[in-house]
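Below is a short briefing on one chain, written for someone seeing it for the first time.

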Amino acid sequence: VMPEFYNPSNGHKVVVINWKVFLGAFLFGPIFFLCVGEIGHALANFAVGLFLWSFFLGWIVWIGYAVVSPKIVSEKWLKRGYKKE
């Protein structure tokens, strides 16, 4: 399922391709969230990951964030005033 969003004021459309979002968050972690404009999630991913990597458990953060990343990106568009089609 690929959620589509549109901006009612100018008609701009955005398609969130869930598997690409998942893969980006899984492979690039906090860098991915910086690129999509989610600075708070990027900092949280980095901080918690940095702490857990000291116990060799940082991969848990990246997997967890990868699982919820499609929802995070979709909510970003809704917060910006886009409507779900």
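**Helix 1 and its buried face**

Val-21, Gly-24 and Ala-25 are the buried residues of helix 1, where buried means under 20% relative accessible area, exposed over 50%, and partly exposed in between (1.4 Å probe, protein chains only). Viewed down the axis of helix 1, the buried residues fall within an arc of 95 degrees, so they line one face of the helix; the arc is that of the directions from the helix axis to the C-beta atoms. This is a predicted model, in which local features need pLDDT of at least 70 and side-chain atom pairs count only at pLDDT 80 or more, while totals for chains, interfaces and linings use all residues. Residues are numbered from 1 along each chain as its sequence is written, and side-chain values use heavy atoms, with hydrogens and water left out.

**Packing of helix 1**

- The buried residues of helix 1 pack against helix 2 (30–35) and helix 4, contact meaning heavy atoms within 4.5 Å.
- The axes of helix 1 (residues 18–28) and helix 4 (residues 58–79) come within 8 Å and cross at roughly 145 degrees; axes are lines fitted to C-alpha atoms, for helices over the stretch in contact, and angles run from 0 to 180 degrees between N-to-C directions.
- On the helix 1 side, the residues making this contact include Phe-22 and Phe-26, and on the helix 4 side they include Trp-62 and Tyr-65.
- By class, the contact of helix 1 with helix 4 has 13 nonpolar, two polar and no charged residues. Ala, Val, Leu, Ile, Met, Phe, Trp, Tyr, Cys and Pro count as nonpolar, Asp, Glu, Lys and Arg as charged, and the others, Gly among them, as polar.
- Gly-29 follows helix 1 and has a positive phi, near 55 degrees.

- Three strands form an open sheet in the order 2-1-3, with antiparallel pairing; two strands pair if DSSP finds at least two bridges between them.
- Strand 2 (13–15) and strand 3 (83–84) stand at the edges with a single partner strand each, so one side of each has no neighbour in the sheet.
- Strand 1 (residues 4–6) pairs with strand 3 in the antiparallel sense over two bridges.
- Tyr-6 is opposite Lys-83 in strand 3.

**The chain as a whole**

- The chain has four helices and three strands, which are DSSP runs numbered from the N terminus (helices: H or I, at least four residues; strands: E, at least two).
- From the N terminus on, the order of elements is β-β-α-α-α-α-β.
- Of the 85 residues in the chain, 35% are buried.
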